[in-house]
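Here's a quick tour for anyone meeting this structure for the first time. Have a look at it, then read on.

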Amino acid sequence: MHANNTGVLREEDLGSGSGNSAGIDIDKDVSVLCDQGRMKEAMDILHGMDRLGVTAEFSTYAFLLHGCANKKAVVEGKLVHAHIIQTGSKTEDMFLETKIVIMYAKSGHLEYARKAFEEMPERNVISWTVMIAACARLRHDEEAVDLFYRMRQTGIAIDHFAFASVLPACANLAALEVGMEVHQDIARNGFECNVFVGSALVDMYVKCGNLEAARNVFDKIPERNSVLWTVMISAYAKNGQGEEALRLLYQMQRSEIQPSKFTYAVVLPACANLSALEHGKEIHQEVIKRGFLSNVFVGSALIDMYVKCNKVEDANKVFNEMPARNVVSWNTMITGYAQNGFIDKAEELFQEMPERDVFSWTSMIAGFAQNGFVQEALKIFRAMPEYNLVSWNAMIAGCAQNERFDETLKLFRQMQLTGMKPNCDTFASVLSACSNLAALGDGKQVHDVIIRSGLQSNIFMGSALIDVYAKCGSIMDAQTIFDKMSRRNTVSWNAMIVGYAMHGQAKMALRFFELMQQSGQKPNYVTFIGVLSACCHAGLVDDGWRYFDSMNQYHGITHTIDHYCCMVDLLGRAGRLDEAKEFIDKMPIKPNAVVLASLLGACKVHNNIKIGEHVAECLIELEPKNPAHYVQLSNIYAAVGRWDGIEKVRKLMKERNVKKEPGCSWIEINNKITTFLVRDRSHPQMEEIYAKLETLLGQMEAAGYVPDTKCVLHDVEEEQKKYMLLYHSEKLAIAFGLINTPPGASIRIVKNLRVCDDCHSASKYISKIVSREIVMRDTSRFHHFKDGNCSCGDYW
């Protein structure tokens, strides 16, 4: 007889059959109840047996433990375990003891599993494998590896399940050397071609970043299933090798293995990243044919593919045809609209979403920011119900990318107050803001946070910090960061080369270029921009030509428009204007506005009206709304007293509604940035500032300073020109710095335009009069004024 339908065992249920047949009946009832998840009723049978004085068979315990494991019923499992201990069955059967370990492990209670495992008087390969697998699954990876080594020391024959169980732990730890050691054991035991073990090996190598080893294992497995193919295809797709991922997909199809919905979901991103629209369309047809369009992951991947191929309408069609959508599908479509400039449609879809997660809000923040709508992005950000690191990073990056650098730093401080820990992406945006503002104090504070975050050894952070210190005028601090880096890449070397070039230290920049090559690091196109810039700032024309020619001949690097621009700048600054013009005429690519503007700037420096007028006309035709070209032409006319020419330019600007960008300088004192415009009177200390400049003017004139009035674009009296020059923004910033910093402290200023000749001359005199170093960054380089001299040697 079976137990009655209440699950309670009565004496008559045992019948008169033999104990063995009764035990079979009980086991059957327990098994059925466990399969149905009726664990309480299954336990009632065990308690009924106690009341009747019937001893439970090992098989009964095994069914109960199996049921508890499958249903994660750890409370009932503990009761079964206690019952086994009370009856003394535990010490008599390794199979039962292993079942106890399995029950605790599957229920997620590793501490109980560990205790039960360590109390076993002897263990077999199954016991060890269960514990290793449990540790790996619950991310106790080091313990899983340690258990594997302990098992190996016992001399137990390790089977393919044990090998496959430890490999995920190696993958999670990115422990390539341990994984390779396990691989050697696998090969010795003849399991290398086992598809189960092979899949785990491939996954381990992929997660450890060794795709070549993963592919070698993959190729050795004679019979591959869909899972293994998908793992290998996914690895190529995620590591930027989309073409190989597609090749492998077609090879999979030729081998008559049908791709699964997961295969399509991982290969579609490869099409997206390659902008391989035709391949994506072929896969789309396969997806429809196989009936996988209803899968939200496949559908979302299709939307993403069409979006990245700039086919937003096709993406929207897939979105509308999906029978079921999840939040990922909605987010992907919103991101697609935003990335392709359809921000209104993105916002409309956002409002229609049945439910939103933090990534939905973040997609809108990124969308608004990418399209230049920073205020709207901030509005969305402030309305978010909750924040995560990704949303903070999106908003901070959005401000930095839109040159809202003050807002970037402000948001970073707010983020810190919330207790959210920044990561490398956060620091990249914040350091960019510090660089652009030349905010050395803020840069140093961020550097401290990076150290506290344990990221100071990160090669990307090191390179970014070099860039910050260089652009904030502290090239020696940049050098210190570089010297402390244990590893350096091309970006690190480039940051130092460009940094020294920017500071006019051509010899150091070129020395670093030689050291870079000696280290075995190959230069790239950015390296040569730094090298050519160094030659440009030092007037090293012959060296510049040599480096320019070596790019193609020795390094296999194609010249870009930036390299041509450097050469024009180099020739122009050296006064070789005809040669620069001829160089432009012979360029294999069409010169852009930056190239022509370099030549126009050189014409201004060397007062060459003939070439200057021609180049200015070309530039104004190319960029009619750019005020810089009109201003440069006016400067050329002013230098030779052509007031009629200046008036003509002003009239043209008025007709075209082109307004000159005002000169602006800023200075950082006590981590606060103060900005000045030309003839600014808005600052509360302005009376003191103007008085300071009057005093400095007298001291400078006594030392031999003569105002360079050719910089004034107005036909007025010389005395009036002198005072117009006195209140340029950089001079106001210098006076403010002298008033608000202690004697001897360096003054650091940033100018949004090229420093004018008069301010350059005045800064040299002031540095000597006040015995201070003045560090000024303009649009092209740094000027270090000290003891009446400038680091540029008056060549800029």
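## Rings and charges

Phe148, Tyr149, Phe163 and Phe191 are joined into a cluster by ring pairs. Two rings of Phe, Tyr or Trp (taking the six-membered ring of Trp) make a pair if their centres lie within 6.5 Å; planes under 30 degrees apart count as stacked, over 60 as edge-to-face and the rest as tilted. By this rule the count comes to 30 aromatic pairs.

## Where the numbers come from

This is a predicted model, in which local features need pLDDT of at least 70 and side-chain atom pairs count only at pLDDT 80 or more, while totals for chains, interfaces and linings use all residues. Residues are numbered from 1 along each chain as its sequence is written, and side-chain values use heavy atoms, with hydrogens and water left out.

## The whole chain

The chain holds 42 helices and 6 strands. Those are DSSP runs, numbered from the N terminus: helices are H or I with at least four residues, strands are E with at least two. The radius of gyration, taken over C-alpha atoms, is 37 Å, well over the 28 Å that the globule rule gives for 796 residues, so the chain is more spread out than a compact globule. That rule is 2.2 Å times the number of residues to the power 0.38.

Along its principal axes, the C-alpha trace spans about 130 × 60 × 55 Å. Of the 796 residues, 51% count as buried. Buried means under 20% relative accessible area, exposed means over 50%, and partly exposed is in between (1.4 Å probe, protein chains only).

A cavity is a set of points on a 1 Å grid over the protein atoms alone where a 1.4 Å probe fits but cannot get out, and lining residues have an atom within 4 Å of a point. Grid points are joined across faces, edges and corners, and a volume is the space filled by probe spheres set on the points.

The largest cavity has a volume of about 60 Å³. Its lining includes Leu437, Cys472, Trp666, Glu668, Arg748 and Phe782. The elements giving two or more residues to that lining are strand 1 (664-669), strand 3 (747-751) and strand 4 (774-777). The lining residues split into 9 nonpolar, no polar and 3 charged. Here Ala, Val, Leu, Ile, Met, Phe, Trp, Tyr, Cys and Pro count as nonpolar, Asp, Glu, Lys and Arg as charged, and the others, Gly among them, as polar.

## A few single residues

Cysteine 424 lies in helix 25 (residues 424-437) and is partly exposed, with a relative accessible area of 23%. Methionine 502, found in helix 29 (residues 490-502), counts as buried at 15% relative accessibility.

Now for two loop residues. Asparagine 310 lies between helix 17 (296-308) and helix 18 (312-321), with a phi near 60°, a positive value in a residue other than glycine. Serine 771 is in the loop between helix 42 (757-770) and strand 4, and its phi is near 55°. Asparagine 310 counts as exposed at 57% relative accessibility, and serine 771 counts as exposed at 57%.

Notes
On a 1 Å grid over the protein atoms alone, a cavity is a set of points where a 1.4 Å probe fits but cannot get out, and a pocket is an open set with protein on both sides within 12 Å along at least five of seven lines; lining residues have an atom within 4 Å of a point.
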